[in-house]
Protein chains: 2
Amino acid sequence: MSLSRRDLIELGLAGTSAALITNVASAQPAVQQPAAKLPEGERIGVAVVGLGKLSLEQIIPALRKTTGVKLAALVSGHPDKARRVAAENNLPADAIYSYEDFDRIARDPRVGIVYIVLPNFLHKEYTIRAFKTGKHVLCEKPMATTVADAEAMIAAGKAANRQLMIAYRCHYEPKNLEAMRRIRSGRYGKPRLVVTDMLRGSDLNDPSDAWRLDMVKSGGGALADMGIYGINGARYLLNEEPVEVRAWEHTDRSDPRFKTVPDLVAWQFRFPSGAIANGSTSFSVGGTMRWDVFCDKARLRGDPGAYYNGNHLEIFSSPDEGEVKIAEVDQFAREMDWMGDVVRGRVPLVSPGEEGLQDMRLMAAILQSTREGGRTVTVDWQYKRAHDPAVAVPVA
Amino acid sequence: MSLSRRDLIELGLAGTSAALITNVASAQPAVQQPAAKLPEGERIGVAVVGLGKLSLEQIIPALRKTTGVKLAALVSGHPDKARRVAAENNLPADAIYSYEDFDRIARDPRVGIVYIVLPNFLHKEYTIRAFKTGKHVLCEKPMATTVADAEAMIAAGKAANRQLMIAYRCHYEPKNLEAMRRIRSGRYGKPRLVVTDMLRGSDLNDPSDAWRLDMVKSGGGALADMGIYGINGARYLLNEEPVEVRAWEHTDRSDPRFKTVPDLVAWQFRFPSGAIANGSTSFSVGGTMRWDVFCDKARLRGDPGAYYNGNHLEIFSSPDEGEVKIAEVDQFAREMDWMGDVVRGRVPLVSPGEEGLQDMRLMAAILQSTREGGRTVTVDWQYKRAHDPAVAVPVA
């Protein structure tokens, strides 16, 4: 089933041959290749919702490097800021939306994808509202603050027959992809242990960060902000799902930053293969975003392994393979172009809502364990990736 | 109370002014300074028990660099090897002992210290036999294979009024000492998290390593061999003792190496301050010996942090202090010279039997936890260092 003309308009794809486009919700993509470099007029428009640091410093600049999508609209509660950013990016005034009139975006054919870059507790509302406008949704991680919200978001996408992609940028980052690919190849034997330490070490004293220190708004403090990279990292590096989860928390409750959220959390996961993951996260101490995978025949080190830029991949083996040289790419640009190609039906959705939901469940299990003195929580749900990024996504 | 002439002979110190020497078992050392550089004739003689790789490749070469002790005897079950090593080190033929006639060393005035470098299960027997000869004992880590054996060794030392030092070389290694000292100074705020990954990644297919893969002889496989560096490391870096311990094991029992010992063990410790340690060890995967300490205001990285040579200490802070440049020393030489000065009463015993016993208890708790499905084991003993190496031992 092909998309209707109206669909095409909504996708910002009016003028593109419908023959290129398959049903985005159910088709198996026939082609898996990097984002096509499309003329400006054929790029899918992205509405960026929320103009915080991540949008201003990473996402909007990345949208100048994308090849298949382009910045099409801004949604912000700060009209002055929005006008300035619009001007800087050659957006017309009518491409600025407030949160109140966000739903009018339904009638904006320039926008095909809504990228939710709001504080975590707003992800659910804006994802569901975006689906109601008929747009596809790219949503920042963590996808929500509760498992129930995450489930509601997935249901809303299904009901709207629209794509929900979670912005796990490491699934599109060349060095993480190369590590996944090498581990899957079996050349290093079996992966046995993953260590992830995702610690920010920041004061978070900028008022715009206040929501990160609010349990209701963040869903978990550092765990939801940085720790999720380690939770997701252990899963995509091992390509399996934990069955036992436990964690201890170390929070100075006299520190005004940590009135409601946990600070330092250190956890262990056990996987069906027997593999173990040790992980940690914290707002107060850091700063690193690193992972190690210890396989039978090699240690793979990503240190840093989950930064925006400057990640390293080193292989300690016999003989040492040393640093893996792969050109750096703009992770955000690549991720957004991937979303564009998902919408076009050219590539599979490798980080769907279900991928984000699994991390929500694991964060909930970690938080439950910390509340219950570190008790081991048995995880009885099942999750299997439909598309392993190591297979689906080119390294670069 | 000064030592008797007979004591001095036994210590290989005949001819040294007795005024320099205080009662070795009970006096508070008046002087804490690096090992004195003594004329050959005044150095305390060391008998090395066991001529395996560690003795041949590290300890005996180090005894050519020591300044207060010297190689005085060899104890071996291989007469040919012993004769070759004796010749290489200018030892007379009567300085070679077999295990059967080891006890004759009591009448050898050239020997003041017996250094036990045997497989773990023999530490107890030879330590106790050495104390019966009236000598002091330096014993490799882990000090024994069971808590009960460790306790018996300590009791034997007390009964003989002789020193028992456990060969924790990192307590004498400049970069580890500098890290301890900086953490204790408070300049980085409180230490909150320690991560130690001590993984060998070796086939261990040399017949001389077979005992390491035997639970009775090793006391714990990789945990006893490498993991102990992480266990002890977390303790000396944090300068406190765990109160909760838990661990999971990941062992391929179809691998002929792991018929009796655990392979990969990943643990967590919780400390009274709230600090947490995540640790791991393995014979089959590796290879690294690294630690990280995350403090309020800095991350201290030792990577590698517990090798014989080539350790690094880096400080990530704001602004980054970067790599700490401290000249490398021969850890084994320094450790043995320290033991010499302990015997002379010049410096405190910073790694006594009680230090080793604490690690024995923690290893037992880890193994208990792995046997009981990873249950958290509450540690109800108390241990307090009499002498913190960070205070007592000069950096270099």
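Reader: How many residues of domain 1 of chain A are in contact with domain 2 of chain A?
Author: This is a predicted model, where local features need pLDDT of at least 70, side-chain atom pairs count only at pLDDT 80 or more, and totals for chains, interfaces and linings use all residues. Residues are numbered from 1 along each chain as its sequence is written, chains are lettered from A and ligands numbered from 1 in the order in which they are written, and side-chain values use heavy atoms, with hydrogens and water left out. Chain A splits into domain 1 (5–169) and domain 2 (174–327 + 352–392), bounds that come from an automatic or database domain assignment. Taking contact as heavy atoms within 4.5 Å, domain 2 of chain A brings 30 residues and domain 1 of chain A brings 23.

Reader: Which residue forms a salt bridge with A:Glu354?
Author: A salt bridge means a side-chain nitrogen of Lys or Arg within 4 Å of a carboxyl oxygen of Asp or Glu. The count between domain 1 and domain 2 of chain A is 3. For A:Glu354, the closest N and O atoms are 3.2 Å apart, and the partner is A:Lys158.

Reader: Which element gives the most to the side of domain 1 of chain A that touches domain 2 of chain A?
Author: Helices (H or I, at least four residues) and strands (E, at least two) are DSSP runs numbered from the N terminus. Helix H2 (53–62), helix H5 (147–160) and strand S6 (164–166) of chain A each give two or more residues to that side. With 5 residues, the top contributor is H5(A).

Reader: Moving on to the two chains, how much area is buried between chain A and chain B?
Author: The size of an interface is often given as the accessible area lost when the parts come together. Here 45 residues of chain A are in contact with 45 residues of chain B. Carbon and sulfur atoms give 51% of the buried area, and the total is about 3,500 Å².

Reader: Which strand supplies the largest share of the side of chain A that touches chain B?
Author: Several strands of chain A supply at least two residues each, among them S7 (191–200), S8 (244–250) and S11 (286–295). The largest share is 7 residues, and it comes from S8(A).

Reader: And by class, how many charged residues does the side of chain A that touches chain B have?
Author: Ala, Val, Leu, Ile, Met, Phe, Trp, Tyr, Cys and Pro count as nonpolar, Asp, Glu, Lys and Arg as charged, and the others, Gly among them, as polar. That side has 16 nonpolar and 14 polar residues, and the charged ones number 15.

Reader: Which residue does a cis peptide bond join to A:Ser318?
Author: Omega for that bond is about 0°.

Reader: In which loop is B:Pro142 found?
Author: The peptide bond from B:Lys141 to B:Pro142 is cis, with omega near -15°. B:Pro142 sits in the loop of chain B between strand S5 (136–139) and helix H5 (147–160).

Technical notes. Buried area = accessible area lost by both parts, 1.4 Å probe.
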